[in-house]
Amino acid sequence: MVYIDPHIHMVSRTTDDYQRMAQAGCVAITEPAFWAGFDRSSAQGFYDYFRQLTDTEPKRAQQYGINHHCWLCINPKEAEDVGFAREVISIIPEFLKCENVLGIGEIGLNKNSKNELLILEEQLSLAEKTNQLVLVHTPHLEDKLKGTKLIMDAIDNTSLDPNRVLIDHVEEHTVRAVLDRGFWAGMTLYPDSKCTPQRAADIIEMHGTDRLWINSAGDWGPSDPLAVPKCQLELASRGHSQSLINTISYQNPQTFLSQSGKFSAV
Ligand SMILES: [Zn+2]
C-alpha cells in the first residue's frame with residue numbers, strides 16, 4: 001500500500017533504506033532540518049547542509065522513485081547561541097526558492113529556554129513574512145506538554161494560520177490540545193520512545209484521523225525507516241479499513257503538504 005513518510009532524516013540513512021522504503025510502498029518523503037548529532041562549528045556548516053537537503057538528497061531519493069522534499073531552519077538544540085542562530089536564519093531565504101522546500105522546520109523547543117523561545121519567534125516571523133508552512137518539533141519526556149503549550153502560544157501571537165502548522169511528536173497527553181487549537185498533529189513512531197505503532201493505533205482509535213499523520217522520524221539514532229508501513233499493518237490487523245489506513249498514511253500528509261504549492265506525491 002502506498003504511503004508518504006512526512007518526517008524522516010535521510011541524510012543519516014543508507015541507500016538500502018531507500019530501497020526497502022520504496023519496496024514497502026513509499027512514494028514521497030519530507031525531511032526537516034535537524035540536529036545532526038553534533039553541533040556545527042559555523043553557519044557555513046548549515047549552508048552545506050541546506051545544499052545537501054535541496055540538491056543531493058532529492059537526486060538520491062529519485063533513484064528509488066521517491067519524491068524528496070525538505071524544510072529549513074536552525075533546530076532548537078543549536079539555537080541557544082542567539083548570534084549564531086541569527087547568522088543561520090539569514091541564509092535560509094535564498095534556499096526557500098528551491099523547488100523541494102516546503103517551509104520552515106523542524107523549529108520548536110528543546111529545553112524550553114528563553115533563547116530557544118526567542119529564536120523560535122524569529123523563525124515564525126520569517127515563515128509569516130515569506131508565507132511558508134511550518135513543521136514544529138516538540139520537546140521530549142516530562143517537558144513535552146509545557147513546551148507544546150509554549151510553542152502554540154508563540155504561534156498564536158503571529159498571523160500564521162494553525163491549519164498551515166503541524167505540531168510533531170505528539171503523544172497521548174498532548175494530541176488533544178494540539179488538535180483542539182486547530183493545528184495539525186504528527187505522531188512519531190519510534191521503537192522504544194515517542195509513539196510505537198501500537199500506541200499510535202490506540203491514539204487513532206481514541207481521536208480519529210482528522211488533521212493527524214504518522215511518521216518514522218528515522219535518523220542517526222535508534223529509529224525505524226519502515227515504521228509507517230508497520231503502523232499500516234498494525235491498523236489492518238485490528239480490522240481497520242483500507243480507507244482509514246490510506247487517510248492517515250497518505251491522504252492527510254498529501255492534504256497538509258499540498259498547501260505549500262510545491263509538494264508532489266507522484
Ligand atoms: Zn526530526
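Which residue in β8 is the bridge partner of T188? Select N215: that is the bridge partner of T188 in β8. Before moving on, note that this is a predicted model, where local features need pLDDT of at least 70, side-chain atom pairs count only at pLDDT 80 or more, and totals for chains, interfaces and linings use all residues. Residues are numbered from 1 along each chain as its sequence is written.

Now select β7 (residues 184-188) together with β8: they run parallel and are joined by four bridges. Strands here are DSSP runs of E with at least two residues, helices are runs of H or I with at least four, and both are numbered from the N terminus.

Zoom out to the open sheet of eight strands, ordered β1-β2-β3-β4-β5-β6-β7-β8 with parallel pairing (two strands pair if DSSP finds at least two bridges between them). At its edges sit β1 (3-5) and β8 (212-215), each pairing on one side only. From one strand to the next, the twist averages 25°.

Next, pick helix α8 (residues 227-237), which packs on the sheet and touches β1 and β8. The direction of α8 makes about 135° with that of β1 (angles run from 0 to 180 degrees between N-to-C directions, and axes are lines fitted to C-alpha atoms, for helices over the stretch in contact).

Last stop: show L117, L120, E121 and L124 in α4, which meet L150, I151, A154 and I155 in α5. Contact means C-beta atoms, placed from the backbone, within 7 Å.

Technical notes:
Two residues are in contact if their C-beta atoms, placed from the backbone, lie within 7 Å.
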